[in-house]
Amino acid sequence: MTLFKKNKLILAVSVALGAMSPVQALAADSCESINEYPNWTQVNWAGDPSHANTGDQMQFQGKAYTANWWTKSEPGSDGSWAFAFDCNGSGGGTGDGSGSVDGPGSADATLLIRKDPVNLAVTGWPRTLALGTYTDTSAALTPELAGANVNSVFSSASNAADALAILQQARNVEKSNGGQTIVPVASVSTASGSGETDILTYADLVSHYQNLIHIAAQVQAFKDNAHASPGSLVLNEGLLAAWQANKDTSFVTVFGTDSALTEVQVKQALREAIANVASSTVTNSEGTSQRISSLYDLTAIDTAVAGLDDNIKGWVASQNFVVEQFASDVSYGWSLDVSNPGSTSWVHKDYAGLRATWKAASQSVVSFVNWTGAYADASAKPDFLVFTQSSNNGLSDAGRAEHAFGPIAWDNYLVYVKQVTDSIDVPAMLYKLPGAHLATTSQTGSYDVAKQAGTAASYFMGDKSLGNASTNLRSNVASIRLDSATYGVSSVSSLVEQESHDWGVSQLRRAAYSNVFSVLWGSETSTPVVSASVNTDWLKGKVAAYQATPIPLYYEPESLTETPLTTVASLNADLEGAETVMDNEAFLYELPGNKWAPSTIYKWKDFLKALNSMHNVGVASNTFWLIDPNADAETNAKYAKVAIAAFLSQSMQETIRFNACDENNWAEVKYGAPANHPNSASCGQLGQKYADYGVNPITGNDHPYSCPRNSKLELSANTHASWYGAPAPIFVAPDAVLEEDGKLVANAAGRWDINGEHCMTSPTSIDENKQVWERNKCEIYAGQKAGAFLWDGSSQQSIEGCGWWGRGVIQTTGRQNFGTLNHFIGRSHVDPETVGKTIDGTLVEAAPENPLYADLDLCSNPQLICSTEENTEIKWIAGLFFWMTSVQNYNDEGGQYASWNYHDELKAYVDGGLVGTKFVDAVSGIVNRGCPDDTCPVSGKVHAIKERRDNFKLVLQKLGLNPQ
């Protein structure tokens, strides 16, 4: 018997919270004497208002804030400020997360810019994005479920018998489908309505505890050798949404505020419930009935109850407590809703960017969830968050009033899901997603518009027969009338054409990027994957097609044993022993005054980890060549070290010497730029357009591996130059975002002025949860000494969609290169229907089933190459991948260099006694100019060829060889 659930892999919840203060009764004129931002309370050395000191108060957008420390940031925008009170004396209720001063959600959460994605591994679930369906648990449905290719079945469980029915059906489906795991999910309510009566009425409280304990124990009882995690639980659908919607009114009245929380008899009721269920029985997977008292140490659990509080927060914690104690191997999560921010109206608005959506919806939800404490205890933290959208099909008569989601609403919804789960640091389950689709003229069969019309299935599963033309809709669907005041359009045909959305592209990968690990379709009142009463063939067919190439969520190692780098033990020892000398004598970057220091970004340990992956696993049958199976150990050691030195000779010149992962802004007028250091450097420098890399000049089509264009990218580089006044990190932002901030002039971004500001103090750190363009002057980057943005339109172009600048050790650049990398080592974006076809001369290969970096979607966020702290070797991987595909496999068939072969040339250099520069000059030429020569026919001489030769020689020497 166990008392506590085994440790999970949990990251700290990164929610920056302002300080709580006692409730203050304030008159409507409370803010009259408080400075309004940006009229600062303190002045700088020149006498200009510039900042606030600890304890200073300022008002902004009708709210008063207190500075926690010295700050120049916008009041309320980060942890340097604590919310004090509303200037109108209302104590909150604006829907922005502030609430009453010590009431629920009174502390504002900060929008996170994560360096790594949320871990989407959930115990018991597949490593691919799972699809499930609602079931009524009838035996007649079991054969249909077995042929539906779903990963999960779910239903509501009012009692343990209902839970048992869900479990049994899941196991029966497994028996019929050949043993493919089916995860049973039971939805449990432990309070009715908003919970006032159930939670404050002692008898009801006991009854609900008993029911939850019995259900939890029943699910746990189905654990067996084939099911280490027997199922999942969804807690209290709709409850948190109801609470948050009334958090400043009825919720506070009933349950109180932090300074005076209403008593809830948690401990007494839970102890009574534990005693009452002792004689209750559960049924295991073999059909054996067992008493709960024989399965658990109820005395120890009763003792542990003492750690709970007798108030509403203690009640929330007690629900987690019950699941952790009685269902230690069962995954679970609390439920949120699209209406959590107060209503559904927010989701249909067109926001300028991520921060606007955060302020409109996500911030208040994160603040409220944090206030409840539902995910605050790392030792008893739920495994996921559940999101519901509607219990009815969106375009049906029942759903049309609020839930007719078009592209704008679905985009907002997924941004909301991602922002909330990014902050809480758990994966998301899309629960009861209505499975209705948009019927098109090419689809046959009956279609009940009044009940079965919807957009969710078409949006997430994709429908090429619809594409981006509403004329492809059936007329009775296109003509469905909508309330223009709610949706901004008056018909479904107009809704479908929002943002010129291509409905032919599945948005399941977008869901995975939004931290979704499972999508569970349908409900009692909306279309599931399998139904005995309505035709679900369209969705069933889409699910089957998806399961042929499911979306991976994370890499699953084929072996738990660490693989040696090579088969030559002495070589491995040499390379592992070189860490200190390589880090301190080879991986150096240049400082002012011709000084050098060890790189803070590129480390030998990370390099060897990346090299191991690329040599032993590789990508699409390509590996980084180190060993000739026909050579002896001594010769192979030389081959490997020369291959490594050749690669590093380029890496040290391209990026390591600048201590850069991201491309720097070095654009100037003399190089053809419209201004010195324009913000458009992110779009391309030296006249290049990175987003156009791979576009066929004849057909105008993208390369089949290219990342899709993305006008909504909001990214900032992590690295930058560090000289006096050096330009800020480059960035990408939508026009609407910069325009809303007053930073777009004549539809163009500005530039960096190296003399624009001389900083009195140089910041040692910056707020990394603000994008570059959001940061205050002299707080743009750590170590800034001078310089400032000029938002004068001098870039002469928009920077929207310009997120494809160079990153990594050999500067992976452009949509084609990022896309190729993403397809073969990340979470592929390539349409599975194109695999095996030749498109514009390229044979499209299948993505690996188990890609090394399945958790990284480099098309949705190419900045992960430089930001990640969990996969720091990825910046090396990007360069090694380029080396494998472009240098090792260099092929100039029919051309001037047709006879050049990487492996032959490398061996010849080694076999010839390591003499000369011919080999390193050739690989330098490929990397820098595109041909294996020191001077290429079209592109000219290799840049910095002497430095590349010196690097090559230095690495060989540090690895114990003696080049001549």
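Predicted model: local features only at pLDDT ≥ 70, side-chain atom pairs only at ≥ 80, totals over all residues.
The ring centres of Tyr 459 and Phe 460 lie 5.1 Å apart and their planes meet at 85 degrees, so the pair is edge-to-face. It is one of 53 aromatic pairs in the structure.

Another of these pairs joins Phe 647 and Trp 876, with 6.4 Å from centre to centre and 50 degrees between the planes, an arrangement that is tilted. Phe 647 belongs to helix 23 (residues 633–654) and Trp 876 to helix 27 (residues 874–888), so the pair ties together parts that are 229 residues apart in sequence. Phe 647 has 0% relative accessibility and therefore counts as buried. Trp 876 likewise counts as buried, because its relative accessibility is 0%.

Aromatic rings also take part in arrangements with charged residues. Lys 418 lies over the face of Tyr 513, at 4.5 Å from the ring centre. In the case of Arg 807, the charged end sits over the ring of Trp 805, 4.0 Å from the centre of that ring.

A barrel is closed by 8 strands, taken in the order 6-7-8-9-14-15-16-17, and their pairing is parallel. On average, and with direction ignored, neighbouring strands of this sheet are turned by 25 degrees against each other. Strand 6 (residues 130–134) and strand 17 (residues 516–521) run parallel and are joined by 4 bridges. Within strand 17, Val 519 is the residue that stands opposite Leu 131. Helix 2 (residues 160–176) lies across strand 7 (152–156) and strand 8 (183–188), and it runs at about 165 degrees to strand 8.

A further pairing is of the antiparallel kind: strand 18 (residues 588–591) and strand 19 (residues 595–598) are linked in this sense over 4 bridges. These two strands form a hairpin with 3 residues between them, and Gly 593 in the turn has a positive phi of about 80 degrees.

The interior may be considered next. In soluble globular proteins, nonpolar side chains tend to be buried together. Here the largest nonpolar core has 152 residues, and Trp 243, Trp 315 and Trp 521 have the most contacts inside it. Helix 4 (residues 202–220) gives the most to this core, contributing 9 residues. When neighbours within four places in sequence are left aside, the contacts of Trp 315 include Leu 205, Tyr 209, Trp 243 and Trp 334, and also Asn 236 and Asp 309. A second, separate core holds 112 residues, among them Leu 571, Phe 789, Ile 810 and Met 884.

Asn 769 and Ile 113 are separated by 656 residues in sequence, yet their C-alpha atoms are 5.0 Å apart in space. Apart from residues up to four places away in sequence, Asn 769 touches Thr 110, Leu 111, Leu 112, Ile 113 and Arg 355.

Notes
Residues numbered from 1 in each chain as written. Heavy atoms only, no water. Pairing = 2+ DSSP bridges. Axes fitted to C-alpha atoms, helices over the stretch in contact; angles between N-to-C directions. Contact = heavy atoms within 4.5 Å. Phe/Tyr/Trp six-rings, centres within 6.5 Å; stacked < 30°, edge-to-face > 60°. Buried < 20%, exposed > 50% of the residue type's maximum accessible area, 1.4 Å probe, protein only. Lys NZ or Arg CZ within 6 Å of the ring centre and 35° of its normal. Core = buried A, V, L, I, M, F, W, Y, C linked by side-chain atoms within 4.5 Å.
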